[in-house]
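Please open the model in your viewer, with the sequence alongside, and keep the selection tool at hand.

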Amino acid sequence: MAIKDDVYIPLVTKRSDLKPVEGKHWTRAERKQWAAGLFTGCAVLYACRTVTPLCVAAMAKEMGWDKTQSGSVLSSFFWGYTMTQFLGGYLADRIGGDVILPIVAVFWSMITFWTPQLAHLSTDKYLTIQFIVLSRVFLGMFQGGYMPSSISLLGQFIQSPSRSYYSGLITAGQYAGTLLCGSIGSILLETFGWQSVFYFVGLCSIVWMLCMRYLVIERHRRKYAQPPSVSVSDNTILAEKFPEKKAVPWLMLFVKPAFWSLLVGHFCENNAFYILLSWLPTYFHENFPDAKGWVFNVVPWVVTMFSSVFSGWLADHMLSKGWSVTFVRKFMESIALCGTASALVFLSYTSTYGSALVLMAIAVMCCGFHNSGILVNPQDIAPTHAGSVFGIMNMAGAVPGFVGVYMAGHILEATKSWSAVFNQTAGVCMFGWLVYMIFGTGKQIV
(Lines give C-alpha, C1' and ligand atoms only; values in the text may rest on other atoms or scores of the structure.)
Protein backbone atom coordinates (compact mmCIF):
# COMPACT_ATOMS: atom_id res chain seq x y z
CA MET A 1 0.00 0.00 0.00
CA ALA A 2 1.12 3.59 -0.63
CA ILE A 3 0.20 6.74 1.29
CA LYS A 4 -0.76 9.86 -0.69
CA ASP A 5 -2.14 12.92 1.10
CA ASP A 6 -2.86 10.80 4.17
CA VAL A 7 -5.12 8.49 2.18
CA TYR A 8 -4.30 4.88 1.45
CA ILE A 9 -4.40 4.16 -2.29
CA PRO A 10 -3.59 0.74 -3.71
CA LEU A 11 -0.74 0.75 -6.23
CA VAL A 12 -1.31 -0.55 -9.77
CA THR A 13 1.81 -2.36 -10.84
CA LYS A 14 0.85 -3.53 -14.32
CA ARG A 15 -0.64 -1.64 -17.26
CA SER A 16 -2.93 -4.62 -17.87
CA ASP A 17 -4.56 -3.98 -14.52
CA LEU A 18 -6.06 -0.78 -15.94
CA LYS A 19 -9.28 -0.76 -17.91
CA PRO A 20 -8.91 0.67 -21.42
CA VAL A 21 -9.51 4.41 -21.78
CA GLU A 22 -10.94 5.87 -24.97
CA GLY A 23 -9.06 8.60 -26.84
CA LYS A 24 -10.06 12.19 -26.32
CA HIS A 25 -10.86 12.84 -30.01
CA TRP A 26 -13.89 11.61 -31.90
CA THR A 27 -13.46 8.51 -34.01
CA ARG A 28 -14.14 8.70 -37.75
CA ALA A 29 -17.67 7.37 -37.29
CA GLU A 30 -18.35 9.85 -34.50
CA ARG A 31 -17.06 12.73 -36.61
CA LYS A 32 -19.52 11.78 -39.35
CA GLN A 33 -22.40 11.55 -36.86
CA TRP A 34 -21.63 14.91 -35.30
CA ALA A 35 -20.98 16.56 -38.67
CA ALA A 36 -24.38 15.38 -39.93
CA GLY A 37 -26.09 16.44 -36.71
CA LEU A 38 -24.47 19.86 -36.49
CA PHE A 39 -24.94 20.50 -40.23
CA THR A 40 -28.66 19.78 -39.89
CA GLY A 41 -28.79 21.83 -36.70
CA CYS A 42 -27.21 24.78 -38.44
CA ALA A 43 -29.76 24.35 -41.22
CA VAL A 44 -32.81 24.47 -38.93
CA LEU A 45 -31.17 27.28 -36.95
CA TYR A 46 -30.97 29.45 -40.06
CA ALA A 47 -34.37 28.34 -41.29
CA CYS A 48 -35.84 29.68 -38.03
CA ARG A 49 -33.75 32.83 -38.39
CA THR A 50 -34.62 33.55 -42.03
CA VAL A 51 -38.33 32.76 -41.91
CA THR A 52 -39.08 36.35 -40.85
CA PRO A 53 -37.02 37.97 -43.66
CA LEU A 54 -38.80 35.66 -46.10
CA CYS A 55 -42.24 36.60 -44.81
CA VAL A 56 -41.64 40.22 -43.81
CA ALA A 57 -43.04 41.66 -47.07
CA ALA A 58 -46.30 39.72 -46.60
CA MET A 59 -46.41 40.55 -42.88
CA ALA A 60 -45.75 44.24 -43.56
CA LYS A 61 -48.51 44.35 -46.16
CA GLU A 62 -51.01 42.68 -43.83
CA MET A 63 -50.10 44.77 -40.78
CA GLY A 64 -49.25 48.08 -42.44
CA TRP A 65 -45.53 48.37 -41.60
CA ASP A 66 -43.22 50.79 -43.37
CA LYS A 67 -39.53 50.11 -44.22
CA THR A 68 -38.22 51.44 -40.91
CA GLN A 69 -40.65 49.28 -38.92
CA SER A 70 -39.79 46.24 -41.03
CA GLY A 71 -36.11 46.99 -40.40
CA SER A 72 -36.77 47.11 -36.65
CA VAL A 73 -38.45 43.69 -36.78
CA LEU A 74 -35.60 42.20 -38.83
CA SER A 75 -32.79 43.72 -36.78
CA SER A 76 -34.28 42.95 -33.35
CA PHE A 77 -33.11 39.34 -33.65
CA PHE A 78 -29.52 40.53 -33.33
CA TRP A 79 -30.20 42.49 -30.15
CA GLY A 80 -30.69 39.17 -28.40
CA TYR A 81 -28.09 37.34 -30.49
CA THR A 82 -25.39 39.75 -29.33
CA MET A 83 -26.21 39.23 -25.65
CA THR A 84 -25.49 35.52 -25.46
CA GLN A 85 -22.45 34.99 -27.70
CA PHE A 86 -19.84 35.20 -24.98
CA LEU A 87 -22.03 33.42 -22.43
CA GLY A 88 -22.69 30.59 -24.89
CA GLY A 89 -18.98 30.12 -25.62
CA TYR A 90 -18.01 30.32 -21.95
CA LEU A 91 -20.61 27.77 -20.87
CA ALA A 92 -19.71 25.48 -23.79
CA ASP A 93 -16.05 25.49 -22.75
CA ARG A 94 -16.91 24.97 -19.09
CA ILE A 95 -19.78 22.45 -19.09
CA GLY A 96 -19.79 21.21 -22.69
CA GLY A 97 -21.42 22.18 -25.95
CA ASP A 98 -23.42 18.95 -25.84
CA VAL A 99 -25.23 20.31 -22.76
CA ILE A 100 -25.98 23.73 -24.25
CA LEU A 101 -27.22 22.64 -27.70
CA PRO A 102 -30.49 20.82 -26.82
CA ILE A 103 -31.48 23.43 -24.22
CA VAL A 104 -31.26 26.43 -26.54
CA ALA A 105 -32.81 24.45 -29.41
CA VAL A 106 -35.99 23.78 -27.43
CA PHE A 107 -36.58 27.47 -26.84
CA TRP A 108 -35.79 28.80 -30.33
CA SER A 109 -37.98 26.07 -31.87
CA MET A 110 -40.99 26.92 -29.71
CA ILE A 111 -40.59 30.67 -30.28
CA THR A 112 -40.58 30.12 -34.05
CA PHE A 113 -43.59 27.82 -33.93
CA TRP A 114 -45.72 30.23 -31.87
CA THR A 115 -44.79 33.48 -33.67
CA PRO A 116 -48.02 33.59 -35.76
CA GLN A 117 -50.04 33.43 -32.54
CA LEU A 118 -48.08 36.35 -31.10
CA ALA A 119 -48.79 38.39 -34.23
CA HIS A 120 -52.52 38.06 -33.66
CA LEU A 121 -52.64 38.75 -29.92
CA SER A 122 -53.67 42.33 -30.59
CA THR A 123 -55.31 44.36 -33.35
CA ASP A 124 -53.13 47.36 -32.53
CA LYS A 125 -50.32 47.67 -35.07
CA TYR A 126 -47.75 49.11 -32.69
CA LEU A 127 -48.47 46.57 -29.96
CA THR A 128 -48.14 43.77 -32.52
CA ILE A 129 -44.75 45.11 -33.58
CA GLN A 130 -43.65 45.09 -29.94
CA PHE A 131 -44.71 41.45 -29.55
CA ILE A 132 -42.87 40.40 -32.71
CA VAL A 133 -39.77 42.40 -31.81
CA LEU A 134 -39.67 40.84 -28.33
CA SER A 135 -40.03 37.34 -29.74
CA ARG A 136 -37.20 38.03 -32.19
CA VAL A 137 -35.00 39.26 -29.34
CA PHE A 138 -35.56 36.02 -27.40
CA LEU A 139 -35.06 33.97 -30.56
CA GLY A 140 -31.67 35.63 -31.01
CA MET A 141 -30.74 35.08 -27.35
CA PHE A 142 -31.27 31.34 -27.58
CA GLN A 143 -29.75 30.94 -31.03
CA GLY A 144 -26.66 32.78 -29.76
CA GLY A 145 -25.51 29.66 -27.95
CA TYR A 146 -25.42 27.36 -30.99
CA MET A 147 -22.34 28.39 -32.96
CA PRO A 148 -20.05 28.93 -29.93
CA SER A 149 -21.07 25.48 -28.67
CA SER A 150 -20.39 23.89 -32.06
CA ILE A 151 -16.98 25.57 -32.39
CA SER A 152 -16.09 24.53 -28.84
CA LEU A 153 -16.96 20.89 -29.61
CA LEU A 154 -14.89 20.93 -32.80
CA GLY A 155 -11.94 22.46 -30.97
CA GLN A 156 -12.07 19.81 -28.24
CA PHE A 157 -12.85 16.65 -30.16
CA ILE A 158 -11.45 17.10 -33.70
CA GLN A 159 -7.74 17.25 -34.42
CA SER A 160 -6.32 20.40 -36.00
CA PRO A 161 -5.71 19.21 -39.62
CA SER A 162 -9.41 18.39 -40.10
CA ARG A 163 -11.01 21.39 -38.38
CA SER A 164 -11.26 23.59 -41.46
CA TYR A 165 -13.14 20.94 -43.41
CA TYR A 166 -15.59 20.14 -40.63
CA SER A 167 -16.10 23.81 -39.78
CA GLY A 168 -16.86 24.54 -43.44
CA LEU A 169 -19.14 21.52 -43.69
CA ILE A 170 -21.13 22.39 -40.57
CA THR A 171 -21.47 26.08 -41.35
CA ALA A 172 -22.66 25.14 -44.84
CA GLY A 173 -25.80 24.13 -43.00
CA GLN A 174 -26.73 27.79 -42.66
CA TYR A 175 -27.04 28.03 -46.43
CA ALA A 176 -28.93 24.75 -46.59
CA GLY A 177 -31.35 26.10 -43.99
CA THR A 178 -31.80 29.35 -45.88
CA LEU A 179 -32.32 27.26 -49.02
CA LEU A 180 -34.90 25.08 -47.25
CA CYS A 181 -36.76 28.13 -45.98
CA GLY A 182 -36.47 29.95 -49.31
CA SER A 183 -37.72 27.05 -51.44
CA ILE A 184 -40.34 25.19 -49.43
CA GLY A 185 -41.09 28.34 -47.45
CA SER A 186 -41.81 30.34 -50.63
CA ILE A 187 -44.23 27.65 -51.83
CA LEU A 188 -46.00 27.57 -48.46
CA LEU A 189 -46.06 31.38 -48.36
CA GLU A 190 -47.71 31.68 -51.77
CA THR A 191 -50.10 28.75 -51.17
CA PHE A 192 -51.12 28.87 -47.51
CA GLY A 193 -49.93 32.24 -46.21
CA TRP A 194 -46.99 33.38 -44.10
CA GLN A 195 -48.22 31.69 -40.90
CA SER A 196 -47.74 28.22 -42.39
CA VAL A 197 -44.03 28.88 -42.95
CA PHE A 198 -43.44 29.52 -39.25
CA TYR A 199 -45.32 26.34 -38.26
CA PHE A 200 -43.38 24.21 -40.74
CA VAL A 201 -39.93 25.53 -39.82
CA GLY A 202 -40.62 25.40 -36.08
CA LEU A 203 -41.76 21.79 -36.32
CA CYS A 204 -38.66 20.80 -38.31
CA SER A 205 -36.47 22.35 -35.62
CA ILE A 206 -38.25 20.45 -32.84
CA VAL A 207 -37.81 17.14 -34.69
CA TRP A 208 -34.08 17.84 -35.20
CA MET A 209 -33.59 18.66 -31.53
CA LEU A 210 -35.19 15.39 -30.40
CA CYS A 211 -33.15 13.31 -32.86
CA MET A 212 -29.91 15.06 -31.91
CA ARG A 213 -30.53 14.71 -28.20
CA TYR A 214 -31.35 11.00 -28.17
CA LEU A 215 -29.34 9.66 -31.13
CA VAL A 216 -26.05 11.61 -30.97
CA ILE A 217 -25.62 13.50 -27.72
CA GLU A 218 -26.72 10.59 -25.54
CA ARG A 219 -24.00 8.35 -26.99
CA HIS A 220 -21.42 11.12 -26.65
CA ARG A 221 -22.21 11.60 -22.96
CA ARG A 222 -21.98 7.90 -22.18
CA LYS A 223 -18.50 7.79 -23.68
CA TYR A 224 -16.93 11.15 -22.86
CA ALA A 225 -18.86 12.75 -20.00
CA GLN A 226 -18.09 10.12 -17.35
CA PRO A 227 -14.52 9.38 -16.24
CA PRO A 228 -13.44 5.77 -16.89
CA SER A 229 -13.33 3.36 -14.00
CA VAL A 230 -9.55 3.22 -13.46
CA SER A 231 -7.35 3.39 -10.43
CA VAL A 232 -6.89 6.91 -9.12
CA SER A 233 -3.18 6.20 -8.88
CA ASP A 234 -2.97 6.43 -12.68
CA ASN A 235 -3.29 10.18 -12.67
CA THR A 236 -1.62 10.56 -16.07
CA ILE A 237 -4.43 8.85 -17.97
CA LEU A 238 -7.11 10.84 -16.18
CA ALA A 239 -5.27 14.09 -16.78
CA GLU A 240 -4.89 13.36 -20.49
CA LYS A 241 -8.54 12.60 -21.03
CA PHE A 242 -10.03 15.06 -18.55
CA PRO A 243 -7.65 18.03 -18.39
CA GLU A 244 -8.31 20.74 -15.86
CA LYS A 245 -10.16 23.70 -17.36
CA LYS A 246 -7.98 26.81 -17.34
CA ALA A 247 -9.23 30.37 -17.22
CA VAL A 248 -9.22 32.30 -20.48
CA PRO A 249 -6.24 34.74 -20.50
CA TRP A 250 -8.32 37.71 -21.58
CA LEU A 251 -5.68 40.31 -20.73
CA MET A 252 -3.17 38.59 -23.00
CA LEU A 253 -5.73 38.34 -25.77
CA PHE A 254 -6.84 41.96 -25.54
CA VAL A 255 -3.33 43.29 -26.17
CA LYS A 256 -2.85 41.14 -29.29
CA PRO A 257 -3.60 42.93 -32.62
CA ALA A 258 -4.40 39.53 -34.16
CA PHE A 259 -7.33 39.12 -31.78
CA TRP A 260 -8.75 42.54 -32.66
CA SER A 261 -8.30 41.86 -36.37
CA LEU A 262 -10.61 38.85 -35.91
CA LEU A 263 -13.29 41.04 -34.41
CA VAL A 264 -13.02 43.73 -37.09
CA GLY A 265 -12.94 41.26 -39.99
CA HIS A 266 -15.84 39.23 -38.65
CA PHE A 267 -17.84 42.42 -38.02
CA CYS A 268 -17.34 43.62 -41.60
CA GLU A 269 -18.10 40.27 -43.24
CA ASN A 270 -21.21 39.76 -41.12
CA ASN A 271 -22.37 43.27 -41.98
CA ALA A 272 -22.55 42.22 -45.62
CA PHE A 273 -23.96 38.78 -44.92
CA TYR A 274 -26.76 39.93 -42.62
CA ILE A 275 -27.82 42.76 -44.91
CA LEU A 276 -28.05 40.31 -47.81
CA LEU A 277 -29.76 37.70 -45.64
CA SER A 278 -32.37 40.14 -44.38
CA TRP A 279 -33.03 42.35 -47.42
CA LEU A 280 -32.45 40.04 -50.40
CA PRO A 281 -36.14 38.99 -50.73
CA THR A 282 -37.28 42.63 -50.46
CA TYR A 283 -34.74 43.75 -53.08
CA PHE A 284 -36.06 41.30 -55.67
CA HIS A 285 -39.72 41.89 -54.74
CA GLU A 286 -39.33 45.64 -55.31
CA ASN A 287 -37.06 45.66 -58.36
CA PHE A 288 -38.34 42.56 -60.15
CA PRO A 289 -41.94 42.03 -58.95
CA ASP A 290 -42.65 39.33 -61.54
CA ALA A 291 -39.70 37.17 -60.45
CA LYS A 292 -40.45 33.86 -58.76
CA GLY A 293 -39.64 33.83 -55.07
CA TRP A 294 -38.52 30.21 -55.11
CA VAL A 295 -35.80 31.18 -57.64
CA PHE A 296 -34.14 34.21 -56.05
CA ASN A 297 -34.61 32.77 -52.55
CA VAL A 298 -32.90 29.52 -53.60
CA VAL A 299 -30.14 30.13 -56.17
CA PRO A 300 -27.77 32.25 -54.01
CA TRP A 301 -27.91 29.80 -51.13
CA VAL A 302 -27.42 26.70 -53.31
CA VAL A 303 -24.11 27.95 -54.67
CA THR A 304 -23.03 29.23 -51.24
CA MET A 305 -23.63 25.88 -49.60
CA PHE A 306 -21.16 24.29 -52.02
CA SER A 307 -18.67 27.16 -51.70
CA SER A 308 -18.61 26.71 -47.93
CA VAL A 309 -17.82 23.00 -48.16
CA PHE A 310 -15.33 23.57 -50.98
CA SER A 311 -13.52 26.28 -49.02
CA GLY A 312 -13.08 23.90 -46.09
CA TRP A 313 -11.67 21.21 -48.35
CA LEU A 314 -9.41 23.71 -50.12
CA ALA A 315 -8.09 25.11 -46.83
CA ASP A 316 -7.20 21.66 -45.49
CA HIS A 317 -5.66 20.71 -48.86
CA MET A 318 -3.47 23.82 -48.86
CA LEU A 319 -2.39 23.13 -45.27
CA SER A 320 -1.49 19.54 -46.18
CA LYS A 321 0.69 20.87 -49.03
CA GLY A 322 2.73 22.96 -46.63
CA TRP A 323 1.12 26.38 -46.88
CA SER A 324 1.15 28.25 -43.56
CA VAL A 325 -2.05 28.56 -41.54
CA THR A 326 -1.72 32.36 -41.67
CA PHE A 327 -1.56 32.42 -45.47
CA VAL A 328 -4.48 30.01 -45.85
CA ARG A 329 -6.74 32.00 -43.51
CA LYS A 330 -5.89 35.30 -45.25
CA PHE A 331 -6.34 33.77 -48.70
CA MET A 332 -9.81 32.50 -47.81
CA GLU A 333 -10.78 35.79 -46.21
CA SER A 334 -9.59 37.73 -49.26
CA ILE A 335 -11.98 35.76 -51.46
CA ALA A 336 -14.77 36.35 -48.95
CA LEU A 337 -14.41 40.09 -48.37
CA CYS A 338 -13.03 41.27 -51.72
CA GLY A 339 -15.34 39.00 -53.71
CA THR A 340 -18.43 40.14 -51.82
CA ALA A 341 -17.45 43.82 -52.13
CA SER A 342 -16.83 43.55 -55.88
CA ALA A 343 -20.13 41.81 -56.56
CA LEU A 344 -22.06 44.42 -54.55
CA VAL A 345 -20.45 47.30 -56.42
CA PHE A 346 -21.40 45.76 -59.78
CA LEU A 347 -24.88 44.95 -58.43
CA SER A 348 -25.53 48.64 -57.78
CA TYR A 349 -25.16 49.32 -61.53
CA THR A 350 -27.23 46.46 -62.93
CA SER A 351 -30.81 46.75 -64.09
CA THR A 352 -31.70 43.29 -65.43
CA TYR A 353 -33.04 40.39 -63.41
CA GLY A 354 -30.57 37.82 -64.76
CA SER A 355 -27.47 39.86 -63.99
CA ALA A 356 -28.84 40.87 -60.59
CA LEU A 357 -29.45 37.22 -59.70
CA VAL A 358 -25.95 36.18 -60.82
CA LEU A 359 -24.22 39.02 -58.96
CA MET A 360 -26.27 38.43 -55.81
CA ALA A 361 -25.36 34.73 -55.98
CA ILE A 362 -21.65 35.62 -56.33
CA ALA A 363 -21.84 38.05 -53.39
CA VAL A 364 -23.45 35.46 -51.12
CA MET A 365 -21.25 32.64 -52.47
CA CYS A 366 -18.08 34.52 -51.51
CA CYS A 367 -19.39 34.74 -47.97
CA GLY A 368 -18.99 30.96 -47.81
CA PHE A 369 -15.19 31.30 -47.88
CA HIS A 370 -15.38 33.22 -44.61
CA ASN A 371 -16.15 29.91 -42.90
CA SER A 372 -12.61 28.67 -43.59
CA GLY A 373 -10.99 32.01 -42.87
CA ILE A 374 -11.80 34.13 -39.86
CA LEU A 375 -14.62 31.90 -38.63
CA VAL A 376 -12.26 29.01 -37.87
CA ASN A 377 -9.37 31.26 -36.77
CA PRO A 378 -10.23 31.13 -33.01
CA GLN A 379 -9.28 27.44 -33.09
CA ASP A 380 -5.85 28.47 -34.45
CA ILE A 381 -5.01 31.28 -32.06
CA ALA A 382 -6.61 29.83 -28.90
CA PRO A 383 -7.41 26.12 -29.39
CA THR A 384 -8.13 25.42 -25.71
CA HIS A 385 -10.44 28.43 -25.42
CA ALA A 386 -11.99 28.38 -28.88
CA GLY A 387 -15.58 28.56 -27.63
CA SER A 388 -15.01 31.64 -25.48
CA VAL A 389 -12.94 33.45 -28.11
CA PHE A 390 -15.49 32.61 -30.78
CA GLY A 391 -18.25 33.90 -28.49
CA ILE A 392 -16.54 37.29 -28.17
CA MET A 393 -15.84 37.39 -31.90
CA ASN A 394 -19.39 36.45 -32.81
CA MET A 395 -20.75 39.00 -30.35
CA ALA A 396 -18.90 41.67 -32.34
CA GLY A 397 -20.12 40.02 -35.53
CA ALA A 398 -23.74 40.20 -34.36
CA VAL A 399 -23.66 43.98 -33.90
CA PRO A 400 -24.11 44.71 -37.64
CA GLY A 401 -27.10 42.41 -37.48
CA PHE A 402 -29.10 45.13 -35.76
CA VAL A 403 -27.06 48.22 -36.66
CA GLY A 404 -26.39 47.34 -40.30
CA VAL A 405 -29.79 45.80 -41.04
CA TYR A 406 -31.64 48.68 -39.39
CA MET A 407 -29.48 51.31 -41.12
CA ALA A 408 -30.08 49.61 -44.47
CA GLY A 409 -33.81 49.99 -43.91
CA HIS A 410 -33.38 53.60 -42.84
CA ILE A 411 -31.24 54.40 -45.90
CA LEU A 412 -33.81 52.79 -48.18
CA GLU A 413 -36.62 54.74 -46.55
CA ALA A 414 -34.69 58.04 -46.86
CA THR A 415 -33.04 57.67 -50.28
CA LYS A 416 -35.07 54.96 -52.06
CA SER A 417 -31.70 53.79 -53.38
CA TRP A 418 -30.41 50.22 -53.24
CA SER A 419 -27.10 51.41 -54.72
CA ALA A 420 -26.41 53.45 -51.59
CA VAL A 421 -26.87 50.35 -49.43
CA PHE A 422 -24.70 48.12 -51.64
CA ASN A 423 -21.85 50.63 -51.99
CA GLN A 424 -21.53 51.40 -48.28
CA THR A 425 -21.63 47.66 -47.54
CA ALA A 426 -18.80 47.08 -50.05
CA GLY A 427 -16.74 49.82 -48.40
CA VAL A 428 -17.12 48.19 -44.98
CA CYS A 429 -15.96 44.86 -46.46
CA MET A 430 -12.79 46.39 -47.86
CA PHE A 431 -11.97 48.02 -44.53
CA GLY A 432 -12.27 44.64 -42.76
CA TRP A 433 -10.10 42.98 -45.39
CA LEU A 434 -7.34 45.57 -44.96
CA VAL A 435 -7.27 45.22 -41.17
CA TYR A 436 -7.13 41.41 -41.30
CA MET A 437 -4.43 41.38 -43.96
CA ILE A 438 -2.21 43.58 -41.78
CA PHE A 439 -2.79 42.10 -38.33
CA GLY A 440 -4.31 38.63 -38.79
CA THR A 441 -2.42 35.42 -37.99
CA GLY A 442 -2.90 31.67 -37.87
CA LYS A 443 -0.37 31.10 -35.08
CA GLN A 444 -1.40 30.18 -31.54
CA ILE A 445 -1.15 33.24 -29.30
CA VAL A 446 -2.57 31.86 -26.02
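This is a predicted model: local features need pLDDT of at least 70, side-chain atom pairs count only at pLDDT 80 or more; totals for chains, interfaces and linings use all residues.

Residues are numbered from 1 along each chain as its sequence is written, and side-chain values use heavy atoms, with hydrogens and water left out.

**Helix H19**

Select residues 418–439, which form helix H19; helices here are DSSP runs of H or I with at least four residues, numbered from the N terminus. From its first C-alpha to its last, this 22-residue helix reaches 32 Å, close to the 32 Å expected at 1.5 Å a residue, the expected span being 1.5 Å times one less than the number of residues.

Step to serine 417, which caps the N-terminal end of H19 by placing a side-chain oxygen 3.4 Å from the backbone nitrogen of serine 419.

Next, colour the buried residues of H19, namely Trp418, Val421, Phe422, Thr425, Ala426, Cys429, Gly432, Val435 and Tyr436; buried means under 20% relative accessible area, exposed over 50%, and partly exposed in between (1.4 Å probe, protein chains only). Showing their surroundings brings up the helices against which these buried residues pack, H12 (257–287), H15 (325–347), H16 (353–367), H17 (377–381) and H18 (386–415).

**Salt bridges**

Side chains of opposite charge can pair when their charged atoms come close. A salt bridge is counted here when a side-chain nitrogen of Lys or Arg lies within 4 Å of a carboxyl oxygen of Asp or Glu, and by this rule the count comes to 5.

Begin with aspartate 380 and arginine 329, whose side chains meet in a salt bridge at 2.6 Å, N to O. The pair links distant parts of the chain, with aspartate 380 in helix H17 and arginine 329 in helix H15, 51 residues apart. Aspartate 380 is buried at a relative accessible area of 12%, and arginine 329 is also buried, at 2%.

Move on to aspartate 98 and arginine 221, which form a salt bridge at 3.2 Å, N to O. This pair too joins distant parts of the chain, 123 residues apart, from helix H4 (residues 97–119) to helix H9 (residues 194–225). Aspartate 98 counts as buried at 8% relative accessibility, whereas arginine 221 is partly exposed at 21%.

Finish at lysine 416 and glutamate 413, a salt bridge in which the closest N and O atoms are 4.0 Å apart. Here lysine 416 is exposed, with a relative accessible area of 62%, and glutamate 413 is partly exposed at 29%.

How values were computed. Helices (H or I, at least four residues) and strands (E, at least two) are DSSP runs, numbered from the N terminus. Contact means heavy atoms within 4.5 Å. A polar contact is a pair of N or O atoms within 3.5 Å; within protein, one must be able to donate a hydrogen and the other to accept it, and residues adjacent in sequence count only if both atoms are side-chain atoms.
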